Amino acid sequence: MCVAGLNALCSVSGATAAVPTSTPMAPVAQLPPSLVTLEQKMSQLMLSSLRFSLRTTVSLPHGERKVGKLLRLLGADSRISGEATTKPAAANLSLGLFGQKLTLRSVKGALYLQIHKLARHDHGRPWVKLGPHGLAELVTVNGHSVKTGTGTTKPPQLEPQLAEPRFAALTKLLNGAGEVRELGPGMVDNQPVLRFLAILEPAQLESKALESTVQSAPTSESEAPTATLEVALSSSGLPLRTVIRVDSHRAKTTLTLNIPAANFPLEIEAPPARRTISVRRLREMEETQGKRAANRGQHPRRV
């Protein structure tokens, strides 16, 4: 499984997760009639575009501050925002990683990464066109690229799978819950909603189907983590807010997914070729910069 906060990038980087060992699942709950109706509407939603934000937070005991700092560095306390179109399939994603702001764009099966400071070094070209291994192509060990997985011919997916129309991953979680109850009406972004709470088995959050959306907190074999899902659905069936909480008794992980807008005018185009370089060109620039730094007796800096 990918680290929380990095999870939205797993599917585009080619990362895969091991299937967890089978565990006894609680009996599946009977869904409230109002949820059954809204699930039907959700499965029939025709969305041309949507906007989303994803917030992941991890709370640790005071005695584990060093671990907490490491998790925050790795993106365990992060905000991701983006927008996507369905036809054609395209998406923009903005996030912070290792203190850097990153922008990813997926258009017509191609994935692009914007590195803002790159433009200063390469004639105003801030975009890097990535290959089938996505962000993994930028990782090197001893000068060699590290590529995980076998790649894919499918267009890379940037939006979290819980936000992917027609919300099959969310429906699967709700339908497989051990208990589901209606919490009553509420408001999200000034829109009336019906709210539901589902009690999940943590194993439901460890499947490959959710590897790009959910990562539970670290646990040990002696712990019995608990997981809940709260969803707020509009009258059309659109899940305006989904909150997943995992309590492992060592850490509490909360993931909040908001979909504030849908079916608005949106066109996402590939970056202009004149402002785009390849991963190979990026490597050549880094090698050149490294040689110059070595000649000056300095430590090379990555572009």
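Start by selecting Ile199 and Thr228: Ile199 stands opposite Thr228, which is in β11. The model is a predicted one, in which local features need pLDDT of at least 70 and side-chain atom pairs count only at pLDDT 80 or more, while totals for chains, interfaces and linings use all residues. Residues are numbered from 1 along each chain as its sequence is written, and side-chain values use heavy atoms, with hydrogens and water left out.

**The strands**

Show β10 and β11 together. Strands here are DSSP runs of E with at least two residues, helices are runs of H or I with at least four, and both are numbered from the N terminus. Two strands pair if DSSP finds at least two bridges between them. β10 and β11 run antiparallel and are joined by seven bridges.

Select Leu229 to find one of the pairings: the partner of Leu229 in β12 is Ile244.

**The charged side chains**

Side chains of opposite charge can pair when their charged atoms come close. A salt bridge is counted when a side-chain nitrogen of Lys or Arg is within 4 Å of a carboxyl oxygen of Asp or Glu. How many salt bridges does this rule give? The count is six.

Select Arg195 and Glu230, whose side chains form a salt bridge at 3.6 Å, N to O. Arg195 is in strand β10 (residues 191-200) and Glu230 in strand β11 (residues 226-233), 35 residues apart. Next select Arg245, which forms a salt bridge with Glu230 at 3.9 Å, N to O. Arg245 lies in strand β12 (residues 239-247), so this pair ties together parts that are 15 residues apart in sequence.

**The helices**

Move to helix α4 (residues 168-175), where Ala169, Leu170, Thr171, Leu173 and Leu174 are buried. The cover over these residues includes α2 (33-43), β9 (179-188), β10, β11 and β12, with contact meaning heavy atoms within 4.5 Å.

Finish at helix α5 (residues 279-295), where Glu284 and Arg280 lie four residues apart, about one turn of the helix. Their side chains meet in a salt bridge (3.7 Å, N to O).

How values were computed. Buried < 20%, exposed > 50% of the residue type's maximum accessible area, 1.4 Å probe, protein only.
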